[in-house]
Amino acid sequence: MFPAKVTKPTFKCYLPPAQVSIIFGFTLVFLLIYLSLGEIVVNEVNFVRKCISTENNQEGLWGKLICTNFKVSFIPQDTSPKQKSTLSHLLLGEHDIPLTCLEQVVTVNDTKGKKKVLGSNQKLKFNPTELILYCKDLRVIRFCFEEAGPESARKVCLAIAHYSHPADLQLLFGFEYQGRRYHESKGIAFNGSTPRGLQTPIFDRSSDWDREIKRTNASEWRVCSINQSYAISSSLPEHIVVPSSLTDQDLMQYASSFTDGRIPMWCWSHSNGSALVRMASLTDPLQQKKTEQKIFAAITKSHPQRNEPFRSDLDKSLPSILDIQSAFVKLRQICILDPFEESEERWLSTIENSRWLEYVRAFLKHSAEMVYYLEGGNSSVILQEEEDRDLNCVVSALMQLMLDPRYRSLIGFQSLVQKEWVMAGHRFLDRCNHLKKNDKEESPLFLLFLDCVWQMMNQYPAAFEFTETYLTVLSDSMWIPLFSTFLFSSSKQRAQHLMDFAKHKAIPQGEDQVVYFPPVWEWSQQFSTKDQTLFNNPMYVGKGAACVQNGEVKTFKRKKAYSSTLRGTPTNLRNGVKGGEETLTRRSSLANELKSELTPVKDLSPSERFFKDWFSRPADLQGLLIPLLMPSHMAFWKLFFLRWVPEACISKGGPVTTYHKLSQLVDEIEILQSQLRQYKGTSPGNTPLTSSGGNPTDQRRMYFQASSPDDPSTPPEYLTSSFPFTPTGNLSRRTVQGTPISKFLNGARIWLSTETLANDTV
């Protein structure tokens, strides 16, 4: 029987009559949840209020809170129309949070003044009145239980905490889901296309490496398979590329001298013959010099001019993973918990003091310096790190992004991540802390890399085929445990777990792992074809982008005045639109920041002359790209860090307004080109945009399509600076009712004082 105090409005009926009951005059609706294959409901509680930030709905949303073995789901009683401003995830609803995305589960009892950070198998000695979920994608979600059953609320909180701390990797939902999906689809990938078709290369086969060698014309390098069955290294892939002059026997002999047997591994070759190589540190002091000489001699021999390689020790040159984690924690605190009442100047200074942008700049700067040795110095570059699994991933990928336009295309970028991060053995399981077992190993290196990529996109918006929405979605995919890309710390670990998984799920022996446990690059499993068009950059100047090559964006140039790589940006080009000139004080050179700006030109070092010459010419967006690296050039990635903050959301503002107009323009150009081809007849080299029998609207490249003359010229109402995300439903610091968030956050600092909160007396 319901308590007499219940005065909540009746539910709106959106289900068939059979699913509705009338009890004591109250209309009840059986709220339904969409469950994926293998997903089960663990616990649930009714009459929960989700605090939202909308000013005209301060009471929030009422509904049911559900915990499954995959996600935390909130089902509102009142169904609002689907907002056009959000991505429609095929496996997650608007109010769903994957369990692996949860950073902390905090329960609060307002009347008793108690709070507790819940972990796995912990007891909760009070009935919570509030639940606050801190998410790894920077969301903060708050639920109130003032009308819910106390025991039900306590159980659902404990269930969420328990299932968000899996004891073993195999307990992550992806293993159950992909096993069911494989048998449901009979081994055929979604949409009837095999992942090995026109998709991203996985680099788990020698043929993928062979194609990369041929593409870069690395004739003095070969594919080596001495690590077959992971015989010499547990973290290297089975197939690696090595100097042709080294025999397998030599490499097996040298492997014991390197950390985890990680012998030098080829990454990329320049057209001048220089190569980019990465390797771990040598562990045997007695053999170090002798082994180094032989390795370096082989790399020298692979160069056409026999130039000696340049080695860079990244452990001595760049911030550590602990420094990066510390900076990110401070930045997260500023963006998510601290109020926005302070002046903009002070807020920006706190961002600067976190040192996050300083570290982003440091990685870009060092990568640009290494690019000089490859491009300008005509020398091979060896990146060395103790384990070759963290900092090397960032720098090697950034260097190739600057040097090779192939990696600035969508498929090329995905192959770069697959090659330099996934197959190279980056510790995704540990750095993402999926099992929440060791906070000391956690570090957002991949996010730092994506921020570096965004900095380059922000400076050269027409050079990249993909958008910042794509980068943001890629980061979010780390917390969706349905794909193999970000779940493991090495190829060996992946192979072992997937072998056990296949045996457990009765998958035929010898079946391709990409088929039964696909990588994240199979975007059709997450988003519709329409939503995937948000990944496409309308300004991209590259192959297949002829519709914009004749436009003004192709004439993107830098000012010809020189003050080295770290000088002021000549033309403020944001989202492809030229703005006003920036007048900035000249700064120090890339090679020597302490060198006076008054140094005569004749005393410039070779690297300074190289950068002076490069910056004096118009940019070739299909050639070498070097970012501007003064501190003032480092922008704050607002879409990623502030997309969930209601106070920072600007209606009809932000970069999306430019993206909207450019997309419509490109779509209109492509329609006209298609009509022109149909009028003239298809000539060789001109491929129609649409296939026969296809729907032209569904196959357009742009999310925003050309409008008719009768459509209004202003941006749609749903466009905000957070597009295609929405802060609605995320915790607002201005509109919170009930217990003020500052009451237990200020001073306690949830993320910064985990141990203190966990040890609170309850």
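**Figure 1. Salt bridges in the predicted model, with the pair E146 and R49 in close-up.** A search of the whole structure, which is a predicted model, finds 29 salt bridges. One of them joins the side chains of E146 and R49, with 2.9 Å from N to O. E146 sits in the loop between β10 (140–144) and α1 (150–163), while R49 belongs to strand β3 (residues 41–50), so this pair ties together parts that are 97 residues apart in sequence. E146 is partly exposed, at 41% relative accessibility. R49 has a relative accessibility of 9% and counts as buried.

**Figure 2. The salt bridge between R139 and D137.** The side chains of R139 and D137 meet at 3.0 Å, N to O. R139 has a relative accessible area of 12% and is buried, because buried means under 20%. D137 is buried as well, with a relative accessible area of 5%.

**Figure 3. The salt bridge between D390 and R431.** In this view the side chains of D390 and R431 form a salt bridge of 2.9 Å, N to O.

**Figure 4. A network of salt bridges.** Five residues are shown: R262, R278, D388, K419 and E420. Salt bridges link these residues in a network. Among the members, R262, R278 and K419 supply side-chain nitrogens, and D388 and E420 supply carboxyl oxygens, because a salt bridge pairs a nitrogen of Lys or Arg with an oxygen of Asp or Glu.

**Figure 5. The surroundings of S489.** S489 lies in the loop between α14 (468–476) and α15 (491–504). The residue is buried, with a relative accessible area of 6%. Leaving aside residues up to four places away in sequence, S489 touches R389, G425, H426, R427, F428, L429 and D430. With one of these residues, L429, there is a contact to the backbone: the side chain of S489 reaches the backbone nitrogen of L429 at 3.3 Å. The view also includes V422, which is 67 residues from S489 in sequence but 7.9 Å away in space, C-alpha to C-alpha.

**Figure 6. An open sheet of 4 strands.** The strands follow the order β13-β14-β16-β15, and their pairing is mixed. β13 (265–269) and β15 (310–313) stand at the edges; each has a single partner strand, so one side of each is left without a neighbour in the sheet. On average, neighbouring strands of this sheet are turned by 20° against each other, direction ignored.

**Figure 7. The pairing of β15 with β16.** β15 runs parallel to strand β16 (residues 381–385), and 4 bridges join the two. Within this pairing, S312 stands opposite L383 in β16.

**Figure 8. Helix α9.** This helix covers residues 356–375, which makes 20 residues. From its first C-alpha to its last, α9 reaches 29 Å, close to the 28 Å expected at 1.5 Å a residue. Of the 20 residues of α9, 16 are buried, so the helix is largely enclosed by the rest of the structure.

Technical notes: Residues numbered from 1 in each chain as written. Predicted model: local features only at pLDDT ≥ 70, side-chain atom pairs only at ≥ 80, totals over all residues. Heavy atoms only, no water. Pairing = 2+ DSSP bridges. Axes fitted to C-alpha atoms, helices over the stretch in contact; angles between N-to-C directions. Expected span 1.5 Å × (residues − 1). Buried < 20%, exposed > 50% of the residue type's maximum accessible area, 1.4 Å probe, protein only. Contact = heavy atoms within 4.5 Å. Polar contact = N/O pair within 3.5 Å; in protein donor to acceptor, adjacent residues only side chain to side chain. Salt bridge = Lys/Arg side-chain N within 4 Å of Asp/Glu carboxyl O.
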